[in-house]
Amino acid sequence: MNVTALARWTERRALGVVAAVTAVILIVLFYYPVTTVFVDAVYVSEAWTLAPLVDVLTSPFFQGRFRFTAYQALLSTIASVALGLPGAWVLSRFEFPGRETLRSLTILPFVMPSIMVAIGFVATFGQNGTLNDVLTALGLPKVTLLYSLPAILVAHAFYNAPLITRVTTAAWESVDASAVETARTLGASPHRAFFDVVVPQLLPAVAVGATLTFIFTFASFPIVLALGGTQLATVEVLIYSGVQNLDFAEAASLAVVETVLSLGLTYAYLRYEASRESSGRGARPQRRRSILPSSFSVNELATTLALVIYGIVTLIVFVAPIASMLLASVTGPEGGFTLDHYRFLIERQQTGATYQVLPLTAIRNSLVFGLGTLALALPMGVVMSVLTTRDFRGRKIIDALSMAPLTVSGIVVGLGLLRGLVFGVEVFGTRVQVTGALAIVAAHAIGAYPFVTRNVAPLLGGLDPQLVESARTLGASRVRALLDIELPLVAAGVVAGAAFAFAISIGEFDSTVILAEGSASYTMPVAVQRYLGRRLGPATAMGCVLLLVTSLSFVVIERFGGRTGGRGGF
């Protein structure tokens, strides 16, 4: 075989080779670690046993924790829907300056680190937080909200209400105005037309958003850890405690039960989403009206009052935590302006012992891990995008397997990597180990690449097939057509996916706190959590640094993903 023939043979099979390599990476970094967790639940002290699983399923304590986890997830979902639906109403029915910017902010839950949300709520609702400062200034008694269920619910609503707003706004804007006009022509009042025509078309989107919110809050970890304490521990917190206590059988058993429940919920969600796939296409959206009242009628004044009340609520829930974190980072014990918390970070870096959390080390690790995640997640996500937009037998199975990391919590992935690759595995008589830093990058990449896929795949699927057919007719191979024609046309989606991957790595906490435990590979979110256990000021200062990096990622996502529709998958 000459060089030219070899090159052609390689080019024809390049996509298959790359897909095989990606599959191997997925097996090694995701499926094998998760399988290790399942094995740990039934293989203890070199013997197969169901005792750990039976203990988890029959213990009144663990049953109570599972009930509480589901209970707080249900209440969090209700709170998120209650806060998110009015936002969808505002964005879909009113026109006002900054509307597009406000709509863009609904993507924040996907890039904002949850530990940063937690620190913002501590700064707002803590004993010496912003809320109590305001109450004291008004002569009112202080309130204690931290380490309580309401604090967890509000924080979860902060994190998930934008998701409800996002999916419901898309559904509301797809309601055909002609259907509403027809109902009005037939004599229906505005309210009757809304409930008979609009609401039935919104309910599926609300159900999808609520299901996703329940899944997310059921597996919530940093927010519950920071705001709930041990007395309000969920299953995720118990898994983390099991790892800290080296009780891996118990942690694995809890992880198995939680994962099975999450997979069941996710499967139901995907089935429902698939059944609604074609709804709302080709509709003429309803015309939006000005947010300012056009008259002084009762309806107009009531609408204005509702908008004002919702604006106040959103300021308290969404703006106050971030503003409180910023304020606490530059406020001293006596309430005056100070940069002592930032000086503390600098001094800790200069004088801190090797076993202490050093700020610049955390920042450096986060950036390095983010770049490493980008290098691994971006090609994996693009390859999966190509595979899931091609017609071949088994495509849906590949699609489901590629999206599986979205259904498994970071705690479970971190535990699997710890027990599998970090502790080491025998391969042909040689013990193979993955160090802490590489394991963290692996965990981050596994969590991030589906977001690349969900940004790139819709754009690839929307390209005109004749473009590729023309290139093939002119002699280009399938791979050459992909590289020269298709990928350049979806470059904005690739950039948005890359920003997602980087942002997710920067803010990832669940798997990192397990894999970085007792090592020098801690990141900014882990540093925030460790500082929070001792002093609020340095924790908020580090949180502000984390906010800055996250904001830059959001700008890139909005610049590219928003313009091309690359976020359509979310």
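**Entry 1**

I started at R419, which counts as partly exposed at 25% relative accessibility. My cut-offs: buried is under 20% relative accessible area, exposed is over 50%, and partly exposed is in between, with a 1.4 Å probe and protein chains only. The model is predicted, so I kept local features to pLDDT of at least 70 and side-chain atom pairs to pLDDT 80 or more, while totals for chains, interfaces and linings use all residues. Residues are numbered from 1 along each chain as its sequence is written, and side-chain values use heavy atoms, with hydrogens and water left out.

What does R419 pair with? I found a salt bridge to D40, with the closest N and O atoms 2.8 Å apart. I count a salt bridge when a side-chain nitrogen of Lys or Arg is within 4 Å of a carboxyl oxygen of Asp or Glu. R419 lies in helix α17 (residues 410-422) and D40 in helix α1 (residues 3-42), so the pair ties together parts 379 residues apart in sequence. I take helices as DSSP runs of H or I with at least four residues, and strands as runs of E with at least two, numbered from the N terminus. D40 counts as buried, at 12% relative accessibility.

**Entry 2: other salt bridges**

How many salt bridges does the structure hold? I count six. In general, side chains of opposite charge can pair when their charged atoms come close.

I looked at D196 and R192 next. Their side chains meet in a salt bridge at 2.4 Å, N to O. Both residues lie in helix α9 (residues 190-218), four residues apart, about one turn of the helix. D196 is partly exposed at 44% relative accessibility. R192 is exposed, with a relative accessible area of 52%. I also noted a network: salt bridges that share partners join R99, E100, R103 and E173. Within it, E100 forms a salt bridge with R99, the closest N and O atoms being 2.6 Å apart. Is R99 buried or exposed? R99 counts as buried, at 2% relative accessibility.

**Entry 3: the whole chain**

I then stepped back to the totals. The chain has 24 helices and six strands. Of its 570 residues, 50% count as buried. It exposes about 26,900 Å², and carbon and sulfur atoms supply 66% of that. Accessible areas come from the Shrake-Rupley method with a 1.4 Å probe; for residues, only the protein chains shown count as cover. I also checked contacts, meaning heavy atoms within 4.5 Å. Among contacts with a separation of 6 or more, residues 24 or more positions apart account for 77%.

**Entry 4: helix pairs**

Two packed helices are described by the angle between their axes and the distance between the axes. I use lines fitted to C-alpha atoms, for helices over the stretch in contact, with angles from 0 to 180 degrees between N-to-C directions.

Helix α14 (residues 340-351) packs against helix α15 (residues 359-388) at about 90°, with axes 7 Å apart. That makes α14 roughly perpendicular to α15. L345, R348 and Q349 of α14 meet P359, L360 and T361 of α15. I sorted these contact residues into three nonpolar, two polar and one charged. Here Ala, Val, Leu, Ile, Met, Phe, Trp, Tyr, Cys and Pro count as nonpolar, Asp, Glu, Lys and Arg as charged, and the others, Gly among them, as polar.

Helix α16 (residues 395-403) and helix α18 (residues 436-461) pack at about 135°, with axes 9 Å apart. They are therefore oblique to each other. L401, S402 and M403 of α16 make the contact with Y449, P450, T453 and R454 of α18. That contact divides into four nonpolar, two polar and one charged residue.

**Entry 5: single spots**

Which residues of α23 are buried? I list M524, P525, V526, A527, V528, R530 and Y531. Helix α23 (residues 524-532) is mostly covered, with seven of its nine residues buried.

Y147 has a phi of about 55° and sits in the loop between α6 (130-137) and α7 (149-173). Y147 is partly exposed at 48% relative accessibility. L246 has a phi of about 60° and is in the loop between α11 (235-244) and α12 (248-275). L246 is exposed, with a relative accessible area of 61%.

My last stop was T49, in the loop between β2 (47-48) and α2 (51-58). Leaving aside neighbours within four places in sequence, T49 is in contact with A41, V42, Y43 and V44. T49 is partly exposed, with a relative accessible area of 25%.

Note on methods
Parallel < 35°, antiparallel > 145°, perpendicular 65-115°, else oblique.
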